[in-house]
Amino acid sequence: MKKKLLSLGLTCLLAISMAVPVFAESQIVYYKGTPVEWQYGRNLALSYSHTFSRNYEHCATANWNSSGWMIPGCWARANCHVGFQTAKAYWDCRG
């Protein structure tokens, strides 16, 4: 009986984890004609946004969490636990 319950529990856990969408995107975006690397996506219940620029201050936002402004040459990383809510990712540059 315990083996059957354990097997059923593991099957349910696997089904739930597979039902949650997982996606990732990496692209080059442009600010004032200069390339900026932006990685964003969702990993199970986590929304994330990572931004990198060699020329401008930049920041990343995942849902309502912001990385804050980072100096050129440093990664800006923002993560947010969103559960089953929609993952939203943003980037920004200034300077």
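A residue is called buried under 20% relative accessible area, exposed over 50%, and partly exposed in between (1.4 Å probe, protein chains only). The model is predicted: local features need pLDDT of at least 70, side-chain atom pairs count only at pLDDT 80 or more, and totals for chains, interfaces and linings use all residues. Residues are numbered from 1 along each chain as its sequence is written, and side-chain values use heavy atoms, with hydrogens and water left out.

Cysteine 74 is partly exposed, because its relative accessibility is 29%. Cysteine 80 has a relative accessibility of 2%, so it counts as buried. A disulfide is a pair of cysteine sulfur atoms within 2.5 Å. The structure holds zero disulfides.

Strands come next. Helices (H or I, at least four residues) and strands (E, at least two) are DSSP runs, numbered from the N terminus. Two strands pair if DSSP finds at least two bridges between them. Strand 1 covers residues 23-31 and strand 2 covers residues 34-43. These two strands run antiparallel and are joined by nine bridges. Within this pairing, alanine 24 has glycine 41 of strand 2 as its bridge partner. The two strands form a hairpin, with two residues between them. Lysine 32 sits in the turn and has a positive phi of about 50°.

Strand 4 spans residues 57-62. Five of its six residues are buried, so strand 4 is largely enclosed by the rest of the structure. Strand 4 pairs with strand 7 (residues 89-94) in the antiparallel sense, over six bridges. Strand 4 also pairs with strand 5 (residues 65-66), again antiparallel, over two bridges. Alanine 62 takes part in both pairings: it stands opposite alanine 89 in strand 7, and its bridge partner in strand 5 is asparagine 65. Strands 4 and 5 form a hairpin with two residues between them. In that turn, asparagine 63 has a positive phi of about 50°.

Charged side chains were also examined. A salt bridge is a side-chain nitrogen of Lys or Arg within 4 Å of a carboxyl oxygen of Asp or Glu. The structure holds one salt bridge. Glutamate 57 forms a salt bridge with arginine 94, and their closest N and O atoms are 2.6 Å apart. Glutamate 57 lies in strand 4 and arginine 94 in strand 7, so the pair ties together parts that are 37 residues apart in sequence. Glutamate 57 is partly exposed, because its relative accessible area is 30%. Arginine 94 has a relative accessibility of 38%, so it too counts as partly exposed.
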